[in-house]
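Here is a colleague's note for someone opening this structure for the first time. Please keep the sequence and the model in view while reading the numbered points.

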Amino acid sequence: MVQGATPLGRTLAVAESLTGGLVAAAITAVPGASAVFRGSVTAYATEAKASVLGVDPDLLARVGAVDPEVARQMAVGVRRLFGAELGLATTGVAGPAEQDGKPVGLVYIACAFGDFAPVAMELRLDGDREQIRARTVVRTLSLALSTFGH
């Protein structure tokens, strides 16, 4: 993925919650990632989403951390924080139990790119905690690829 983006001069940054750094790890596992990857934030705690990424605290208080608008704001925040062309975000419930009334397997991934409105996608994933996290990584990287036009 990263090598294909390099000739285009694209840069990206990642804000992660339920994936806990797995998206960044997958990106940086590719030789040459430093040409495009600006950095990441693992905002696992709800408060970190507000204080580090700039997610609206009132939104978090109202809907919790697992929400499409939270994911969009995370993507915008990490993009701004690192000066990247593309910001990606993950938030959701990997389990083993529901969170704030949201079921295990409910995940939102988002991207903020260029002058376009940030986009969030809802995923309903089956499996155990590790499977949900791994599938979220794959879907997030696929979103990045499709956003970059590959």
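1. Two strands are said to pair if DSSP finds at least two bridges between them, and strands (E, at least two residues) and helices (H or I, at least four) are DSSP runs numbered from the N terminus. In this predicted model, local features need pLDDT of at least 70 and side-chain atom pairs count only at pLDDT 80 or more, while totals for chains, interfaces and linings use all residues. Residues are numbered from 1 along each chain as its sequence is written, and side-chain values use heavy atoms, with hydrogens and water left out.

2. Strand β1 (residues 12-16) pairs in the parallel sense with strand β2 (residues 37-42) over five bridges, and Val 14 stands opposite Ser 40 in β2. Between β1 and β2 the chain passes through helix α2 (residues 22-28), and this β-α-β crossover is right-handed, a term that applies if, with the strands pointing away from the viewer, the path from the first strand over the helix to the second runs clockwise.

3. β1 also pairs with β3 in the parallel sense, again over five bridges, and here Ala 13 stands opposite Gly 87 in β3. Both faces of β1 are covered, with Leu 12, Val 14 and Glu 16 buried on one side and Ala 13 and Ala 15 buried on the other; buried means under 20% relative accessible area, computed with a 1.4 Å probe on protein chains only.

4. Which residues touch the most other members of the largest nonpolar core? Within this core of 24 residues they are Leu 12, Val 14, Ile 27, Leu 86, Leu 88 and Val 107, where a nonpolar core is a set of buried Ala, Val, Leu, Ile, Met, Phe, Trp, Tyr and Cys residues joined through side-chain atoms within 4.5 Å. The elements that give two or more residues to this core are β1, α2, β3, β4 (106-113) and α6 (129-147), and the largest share, five residues, comes from α6. Apart from this core lies another, of 22 residues, among them Ala 15, Leu 53, Leu 60 and Met 74.

5. β4 and strand β5 (residues 119-124) run antiparallel and are joined by six bridges, with Leu 106 standing opposite Arg 124 in β5. These two strands form a hairpin with five residues between them, and Gly 114 in the turn has a positive phi of about 55°.

Terms used: Buried means under 20% relative accessible area, exposed over 50%, partly exposed in between (1.4 Å probe, protein chains only).
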